[in-house]
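Student: Please take a close look at one part of this model, the charged side-chain pairs. I would like one connected account of where the partners sit and how exposed they are.

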Amino acid sequence: MAAGKTSRIVAVVDDDHRVRESLEQLFRSAGVEHLLFSSGEEVLAHEGTQQIGCLVTDVRMPGMDGCELQRRIGSKLPDLAVIFLTAHQDDAVWRHARQHGAFALLYKPFDGEELLRLVMLALRWSRTREAFDVDC
């Protein structure tokens with residue numbers, strides 16, 4: 001993505017509608033542009049995937065889990081900042097996330113302000129990386 005076309009859209013992927021509703025309220029109250037998806041398959045099928053600047057995804061979901069989503073979306077958007085959410089303390093997930101460049105991992109229940117702080121950092125990080133991708 002060239003400079004000037006930065007994305008500030010946050011994609012939220014969680015199979016639990018209560019989590020999606022909670023994050024929708026959080027991001028709306030903070031003025032963060034966001035999209036909600038109930039599965040990894042749904043976000044990958046979305047036509048505006050290239051506009052996503054940060055992905056916030058649950059780890060354990062029916063069908064495609066968050067790690068597989070990170071792998072697949074990473075093939076389209078290798079510089080996408082991914083923030084994992086999980087209720088399970090699982091070292092294997094944390095290792096996978098770190099090895100594949102996850103921006104952060106938060107354990108549920110998490111502090112909304114902490115998630116907002118991480119999302120803002122991720123979007124800023126994404127824009128900074130894009131600034132160095134300008135073709136001369």
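**Salt bridges and their setting**

Tutor: Glu-24 and Arg-28 are four residues apart in helix α1, which means that about one helical turn separates them. Helices (H or I, at least four residues) and strands (E, at least two) are DSSP runs, numbered from the N terminus. The model is predicted, so local features need pLDDT of at least 70 and side-chain atom pairs count only at pLDDT 80 or more, while totals for chains, interfaces and linings use all residues. Residues are numbered from 1 along each chain as its sequence is written, and side-chain values use heavy atoms, with hydrogens and water left out.

Glu-24 and Arg-28 form a salt bridge, with their closest N and O atoms 3.0 Å apart. The term stands for a side-chain nitrogen of Lys or Arg within 4 Å of a carboxyl oxygen of Asp or Glu, and by this rule there are eight salt bridges. Buried means under 20% relative accessible area, exposed over 50%, and partly exposed in between (1.4 Å probe, protein chains only). Glu-24 is partly exposed at 25%, whereas Arg-28 is exposed at 56%.

Another salt bridge joins Lys-108 and Asp-58, at 3.4 Å from N to O. Lys-108 lies in the loop between β5 (104–107) and α5 (112–131) and Asp-58 in strand β3, so this pair ties together parts that are 50 residues apart in sequence. Lys-108 is partly exposed at 23%, but Asp-58 is buried at 6%.

Arg-60 pairs with Asp-90 in a salt bridge whose closest N and O atoms are 3.5 Å apart. Arg-60 belongs to the loop between β3 and α3 (66–76), and Asp-90 to the loop between β4 (81–86) and α4 (91–99), so parts 30 residues apart in sequence are tied together. Both partners are partly exposed, Arg-60 at 45% and Asp-90 at 22%. Elsewhere, salt bridges that share partners link Asp-14, Asp-58 and Lys-108 into one network.

As for the setting, β3 (residues 52–58) pairs with β1 in the parallel sense over five bridges; pairing requires that DSSP finds at least two bridges between two strands. Thr-57 of β3 stands opposite Val-13. Five of the five residues of β1 (residues 9–13) are buried, so this strand is largely enclosed by the rest of the structure. Ile-9, Ala-11 and Val-13 point one way from β1, and Val-10 and Val-12 the other way. β1 also pairs with β2 (residues 34–37), in the parallel sense over four bridges, and there Leu-36 is the bridge partner of Val-12.
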